Amino acid sequence: MSQTKNTTNLLWGAVALGALGVLGSYAAAGHERFWANWILWFVLLFTLGLGSLFIVALEHLVSAKWSVPIRRIPERLATLLIPSVPIGLIALAALPVLYPGSRPEAAHHPLLAGKAFWLSLPFFSVRTIISLTLCLLGLWVLVGGSLKQDATKDPAFNFRARKFAPAFMAIFALVITLIAFDWLSGLTPEWYSDIFGVYVFAGAFLSGLAATALAVLHLQDEGRLEGVRGDHLYNLGGFLFAFTVFWSYIGFAQYMLMWYANLPDEVIWYKVRLASSWRLITLTLAGLHFVLPFFALVTRDSKKDPRRLRRVAYLMLGAHVLDVYWLIFPILGAPRLSWPELSFALFFLGGILLWIRGAMQKGEDMPVGDPFLREGLEFRL
Amino acid sequence: MSETSYSVLGVFETPDALMQAIPKVRASKLGTVEAYTPYAIHGIEEALGLRRSPLGGMVLVMGILGAITAFGFQYWISAIDYPIITGGKSAGSWEAFIPIMFEVTVLFATFTAGLGMLFLLNKLPFFGHPVLSSKAIKGITRDRYVLALEAENETFDSQAAAQILRAAGAIEVEALPAPDRSPFLTSDYILRTLGGIFAACVVAGLAMYFLTKWFPVLAPMKYMQEQPRLNAQKPSSFFKDGHGMQQPVPGTVARGYLPTATGTQEEAATLVNPLPRTREVFATGRKVYTNRCEVCHGAVGNGVGSLTAAYGAKPANLQAQQFRDYPDGKLYWAIVNGKNSMPSHAPYLSEPERWAVVHYVRALQRAQNAKDEDLKVATR
């Protein structure tokens, strides 16, 4: 127990130190850099939470049985959507600083005039507030209902969730597209890509999966989640494997079409990312987000090997951070990595870990009221 | 159950029951243990003590080979054998190769997986397997899990085998005769299968033929015939002027035909003739001069050609001192841009042909104004 307490104190220390750095960077490192970091962590937090909620919704949508014993893990991770609401509302203050579309000049910009209303500060804020509200609604129905079922053991929840899941998928598609278009591609509003929402979805789902796999392995180390076996890990590993390929597929499809068409307003986005030191980061991203996990997970045994899975899960979370960094930071010019970025990482990582640790201690580790739990535990590949 | 039976099947209700029975049945050492299940059960090959399937490695190798093949083939076609620049991309653009590399990788990998599994590892065609005619086969393809004890030699005791299977939890036991190992085409099964496939092809072909003949309205796919397109030498409603073929945009330059000598004639004076004075160059120059210049400027370049009288204009006498003093560049400029009533010859002559004519005109001039030492050179 004292070790747990020590870790908690350490995390609080990291948060406090990070908070000092965050405040310092607002004062000393320039507003643009401060808000770029803030949006980076808002998007990471949000995609992790929403990606986890997607896993939960997917289980209900297809009535999956194998994932019932580990469902509580993505449910707990999905509660990260709650802190992402204030973080996102604060991030709205970044609009005039980083988002050209929300400045009044946009109305006279030849490329932006047509989208001026869509990109304007009020409508942007309204969309974000609606998106966050819809996420909280999904969280309330899917996760709240599941928690309540622990006590009531009422199978009615399963039917309700099964009915709600398709609607949530539509909501999910809308929300992740809006967040991706607004907060990420809105940084360069002249640029547009139809598939961008799907690209961000792939990253979000992967980060949710990786975090779920990590949390499952950690809880197993503590002797919890009894009954979760290699078969369950294999499915998580298989999902991770499949979606690294999916991410690469979407990422490359977007690149290839723009490269082929070579339209100035589209290709500039890639030109920036393939010039000078960003080129190395782009190649690193392809290596860490695709090549390495692909070959790490390609064999059958590696998908249920806890050590391998844990390393790949860490790798995927890191690659997701790099991915979002790669989406946001080129607007600041050369790649930045120094004390402001590290302070933000300390502050938010510490905060996220504290939140997850808290969530992992609450209630049952498995949805004990779910009638399919036994079937899920008996799951064989 | 006779002593001559080849194998004994034990039917189990769940994969777990099957997996638990495997070690017990293997421990009896009565024969080879084989399992038949409706789908792949993970971990069953370890339980059965089978060697690891090489299929995964084969698929990986063939997949990588597919990627390399597709890349190499496309690169060879589009960068080495017949380089065509499309869309302003350089000839060996790897980005454009990726989709086909992906497809060929998948093709090689899936074919290796499917055909390798069937023919290399499972040794098909082998249609006489007794399990196919057992009572348990319907269950095997549906929801039953079967463990078989197969005879390794003459001393196989099928009754003991049946007992072992029952003891391991089998709900039903069935003995099977030896497999039909008759050669490929003598098997009834394969003949019926091939006959069935042939009949299906004939029926489908005839049906398609008569359907499209009697019901021509039901054209299966017309999208490709009906697409809007531009045909060479044909009218089209796509463009305002009604022509399918359009003039190139003003200022269009053909590849390898960059405009030269675009300034004034004085500016062109500094241009240097890039061609060496070889026999071939003079031959080209002579041919071009004969074809395009001689009618006006005359065979010796003195401005008296066959057309001169009829045409009325006065072509330049290239033997005049003025033109003998011209630098090469100014002659070249006149060929490219034309001068006075002489039109530009740029559309008809390539860059080397123009310069070859310049050389030839120089030769004509020197021939008409030969010095003694030229004669020595010529007769040497």
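Two strands pair if DSSP finds at least two bridges between them. The exercises below use that rule on a predicted model.

**Exercise 1. In what order do the strands of the open sheet in chain B lie, and which strands are at the edges?**

Step 1. B:V33 stands opposite B:L149 in β3(B).

Step 2. Read off the order. The open sheet has four strands, in the order β2-β3-β1-β4, with antiparallel pairing.

Step 3. Find the strands that pair on one side only. These are β2 (32-36) and β4 (172-176) of chain B, the edge strands.

**Exercise 2. Which way do the residues of β1(B) point, and are they buried or exposed?**

Step 1. Sort the residues. B:S7, B:L9 and B:V11 point one way from β1(B). B:V8, B:G10 and B:F12 point the other way.

Step 2. Check the burial. Six of the six residues of β1(B) are buried.

**Exercise 3. Which helices lie across the strands of chain B, and at what angles do they run?**

Step 1. Take helix α1(B), residues 15-28. This helix lies across β1 (7-12), β2 and β3 of chain B. Its angle to β3(B) is about 15 degrees.

Step 2. Take helix α6(B), residues 158-167. This one lies across β1, β3 and β4 of chain B. Its angle to β1(B) is about 15 degrees.

**Exercise 4. Describe α1(B): its span, its kink and its buried residues.**

Step 1. Check the span. The 14 residues of α1(B) reach 20 Å from first C-alpha to last, close to the 20 Å expected at 1.5 Å a residue.

Step 2. Locate the kink. A kink of about 30 degrees lies at B:A21, shortly before the proline B:P23.

Step 3. List the buried residues. They include B:L18, B:M19, B:A21 and B:V25. Among the elements covering the buried residues of α1(B) are β1, β2, α2 (44-48), β3 and α6 of chain B.

Step 4. Look past the end. B:K29 follows α1(B), and its phi is positive, near 55 degrees.

**Exercise 5. A:L225 and A:N262 have a positive phi. Where are they, and is each buried or exposed?**

Step 1. Most residues other than glycine have a negative phi.

Step 2. Take A:L225. Its phi is about 55 degrees, although A:L225 is not a glycine. A:L225 sits in the loop between α9 (196-221) and α10 (230-261) of chain A. There are 21 other C-beta atoms within 10 Å, so A:L225 is buried.

Step 3. Take A:N262. Its phi is also positive, about 55 degrees. A:N262 is in the loop between α10 and α11 (264-273) of chain A. It has 11 other C-beta atoms within 10 Å, so A:N262 is exposed.

Methods: Residues numbered from 1 in each chain as written. Chains lettered and ligands numbered in written order. Predicted model: local features only at pLDDT ≥ 70, side-chain atom pairs only at ≥ 80, totals over all residues. Helix = DSSP H or I, 4+ residues; strand = E, 2+ residues; numbered from the N terminus. Contact = placed C-beta atoms within 7 Å. Axes fitted to C-alpha atoms, helices over the stretch in contact; angles between N-to-C directions. Buried ≥ 20, exposed ≤ 12 C-beta atoms within 10 Å, placed from the backbone. Expected span 1.5 Å × (residues − 1). Bend = angle between axes of the 7 residues up to and from the residue.
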